Amino acid sequence: MASTEVREAHVADALAASSPTEEKLDEKYDDVKVDDKEIEEELDLYVPLKMDPNIPYEPNPLTARAVVVGIVLGALVNASNLYLGLKTGFTFSANIFGSIFGYGIVKLLSKHCHNWPILGGSFGPQENSIIQAAATGSGGIAGIFVAGIPAIYRLQAIEGTPQENFGPLITITLVCSFFGLFFVTPLRKFFIIRVARELKLLFPTPTAVALTIRSMHAGAAGAQEAISKLKALALAFTAALIQRVASYYAIGILYDWHPFTWIHIWSKGTSWALNIESYGWFWEWTPAFIGSGILIGMNAAISLFAGAIIAWAIIAPTLVHYGECIGKQLYPDDPYWDSLYTFSSLSNLGHETPSPRYWLLWPGVLIMVATSIAELLVQYKVLAHAGKATWKAMCSGLNDLKIKLTGKPSAYLAAQANKYADDPNMVADSARPEDQVPMWQWMLGLVASIVVAIIVFEYQWGMNPGLTILACLLGFLFSFLAIQIGAVTDQTPLTAASKASQLVFGAATSGKGYSIKAAQRINLVAGGLASGAADVGNALTSDFRTGFLLGTPPNKQWYAQSMGTLISVFLAPGLFVLFSTAYPCILSGGDEHCPFGVPSVAAWAAVAQAVTDPNVSIPWTSGIFSIVMAIVCVGQVVVRHFYLVGKREWVRDYLPNWGAIALSFVLPNPVFTTASLFGALVAFAWRKWKLSSFELYGYAVAAGFIAGEGLGGVVGAILQIAGVSGDVLGTNVGCPANEC
């Protein structure tokens with residue numbers, strides 16, 4: 001799943017979730033309706049798409065209305081991601097939400113304000129791609145605020161509150177965002193033009209986004225389809241927003257259902273029912289994760305639920321039974337509720353027997369890391385070719401620089417650079433030279449961002465320049481790998497990136513005289529820089545791919561995403577301050593009834609403690625189990641890639657998704673997995689009942705559910721600060737011990 005910790009459940013375009021391969025994308029778009037006439041065409045997904053010939057020429061798709069609309073829609077997703085990320089560890093992309101909602105808004109403006117100089121004018125697919133690029137920019141960088149940054153406060157590795165540290169929060173966001181944006185810019189040509197066809201870098205999600213945008217602009221039929229998608233998305237968004245806000249005032253009725261608590265009450269004190277309740281087995285009407293289930297499909301949803309069964313119905317009770325782990329009584333002084341425990345505490349590590357959640361954290365993390373690395377290594381041909389192509393690209397650039405400086409080429413560098421000219425698989429770049437991002441812009445920005453990073457991390461976070469440069473190098477490396485793997489599998493290994501960076505910095509600070517708190521602070525901010533920059537870089541490359549297919553000038557996309565990113569630099573820290581003010585338990589971690597599970601925060605904090613604090617260790621049994629499971633997962637990757645090919649390839653659809661299983665180990669309870677399974681079952685039945693209806697409405701509904709609940713969470717935080725929230729004016733009837 002797409003989460004801060006795992007991107008497998010990345011909310012992509014509607015079609016990306018169901019069409020992750022080139023063959024399926026081809027099959028889905030063999031017939032494209034243009035002005036109600038079906039035109040048979042063979043899709044080549046490595047060249048720009050053929051567009052409806054009736055679409056007016058777009059001389060400058062970078063319009064003020066597109067950027068503003070994209071930024072506003074991305075801001076909604078950013079707010080949604082802060083809520084959902086703190087609650088569950090998941091964050092979602094703004095591309096489908098921005099594409100569909102942006103189409104509806106700008107189409108309305110172009111129709112009713114056609115004589116207005118800024119709001120009016122024709123609207124085409126390239127401008128639509130600008131909307132989603134701006135939305136991606138302003139909707140991004142939430143990841144560091146649902147993981148590493150709150151973990152610093154949880155470990156008390158920084159003084160003050162987020163409000164008092166608002167300046168440093170803005171500067172670290174600025175560095176993470178723009179460093180990733182600048183260093184990945186020149187990689188567009190490499191990944192999308194030079195090696196895409198040869199290495200089959202399809203980029204499933206951004207490709208499907210482009211196909212959706214094209215279909216919405218394909219004449220009258222496309223416009224009608226787009227309006228239908230828009231209505232479905234708007235209705236789902238509104239319903240989810242209203243449901244989430246209303247549920248704060250009757251949470252045990254409208255949001256959380258606790259059947260085992262009800263059994264306990266009805267039977268006048270049945271302890272076995274509370275025992276099941278204690279392991280987190282209750283139902284939650286969460287539109288976001290029902291929507292997530294619609295997107296991810298049956299295999300991932302079943303794997304998630306199976307992981308929850310293994311973790312919270314088998315392993316955790318067994319560990320508690322044999323005394324390997326313990327739970328904490330929530331109401332020891334209340335004889336009616338004294339059988340209610342929590343088994344997900346991560347407090348007081350190293351000083352008492354750990355909870356099952358801490359024990360499960362390590363196999364969850366190692367499975368995700370091992371699987372990501374294995375998926376990377378089986379693409380060794382991609383890596384080898386990438387290394388050669390990178391070397392040749394460097395030679396080409398150095399040779400050009402030598403010619404400019406001395407007027408003479410280098411024979412050796414020219415020979416290496418000329419190897420590109422003989423590559424028959426290189427895709428022709430539709431963008432003109434004047435449409436490329438000027439080298440001086442990204443080069444100057446890159447140097448400036450590194451200099452600012454050194455200053456910011458030295459004086460605000462206590463990290464010396466050497467460690468800052470190491471974090472920048474890791475960010476570049478992780479971005480390069482994440483783009484390659486994501487282009488092939490649609491899964492970006494940011495889990496491996498974040499945990500690997502934490503391990504590297506654990507070693508880098510060991511024995512260097514740092515206090516435990518200083519080492520933990522450096523570990524977390526450095527990991528945030530590396531994984532955050534990789535995330536932004538991957539998002540920009542994905543946007544470049546969408547723009548390439550639609551013929552959008554890359555410099556226009558770059559400017560749009562840069563403007564959106566600038567907004568997110570202030571928006572994401574502001575939203576973090578809002579949530580941490582409304583719910584202080586996000587940072588303290590001491591409240592077992594906190595409405596935010598913060599699984600990513602807990603995971604980052606636990607890893608930081610394990611690599612910096614000698615009193616915190618990994619349980620021996622957990623370590624052995626983690627290693628065994630990692631070997632099993634790596635073995636499956638190898639078998640799937642090398643053995644399950646040709647006639648045996650159909651078996652791949654039935655293999656467990658170990659990334660999803662591992663995610664269930666990391667989550668604090670199984671409630672989100674059950675909601676995702678419910679959503680996947682709804683999608684499965686919907687497809688069987690009427691496939692055309694599902695393809696038209698299904699993914700738009702899912703995107704609306706996700707964004708709607710997220711924004712409802714923002715409204716809830718505002719109500720909490722205002723003193724009119726559900727815990728003041730609402731009821732907790734139906735909740736365990738009258739608390740949810």
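The model is predicted, so local features need pLDDT of at least 70 and side-chain atom pairs count only at pLDDT 80 or more, while totals for chains, interfaces and linings use all residues. Residues are numbered from 1 along each chain as its sequence is written, and side-chain values use heavy atoms, with hydrogens and water left out.

- The structure holds six salt bridges (a side-chain nitrogen of Lys or Arg within 4 Å of a carboxyl oxygen of Asp or Glu).
- One of them pairs Glu284 with Lys87, with the closest N and O atoms 3.9 Å apart.
- This pair links strand β4 (residues 283–284), which holds Glu284, to helix α3 (residues 64–88), which holds Lys87, 197 residues apart (helices are DSSP runs of H or I, at least four residues, and strands runs of E, at least two, numbered from the N terminus).
- Both Glu284 and Lys87 are buried (under 20% relative accessible area; exposed is over 50%, partly exposed in between, with a 1.4 Å probe and protein chains only).
- Asp429 and Arg188 form another salt bridge, at 3.0 Å between the closest N and O atoms.
- Asp429 is partly exposed at 21%, whereas Arg188 is buried at 4%.

**A salt-bridge network**
- Asp435 and Arg432 meet in a salt bridge of 2.9 Å, N to O.
- Shared partners join Arg432, Glu434 and Asp435 into one network of salt bridges.

**Arg640**
- Arg640 lies in helix α25 (residues 620–642) and counts as buried because its relative accessibility is 19%.
- Leaving aside residues up to four places away in sequence, Arg640 touches Glu375, Val645, Arg652 and Leu655 (contact means heavy atoms within 4.5 Å).
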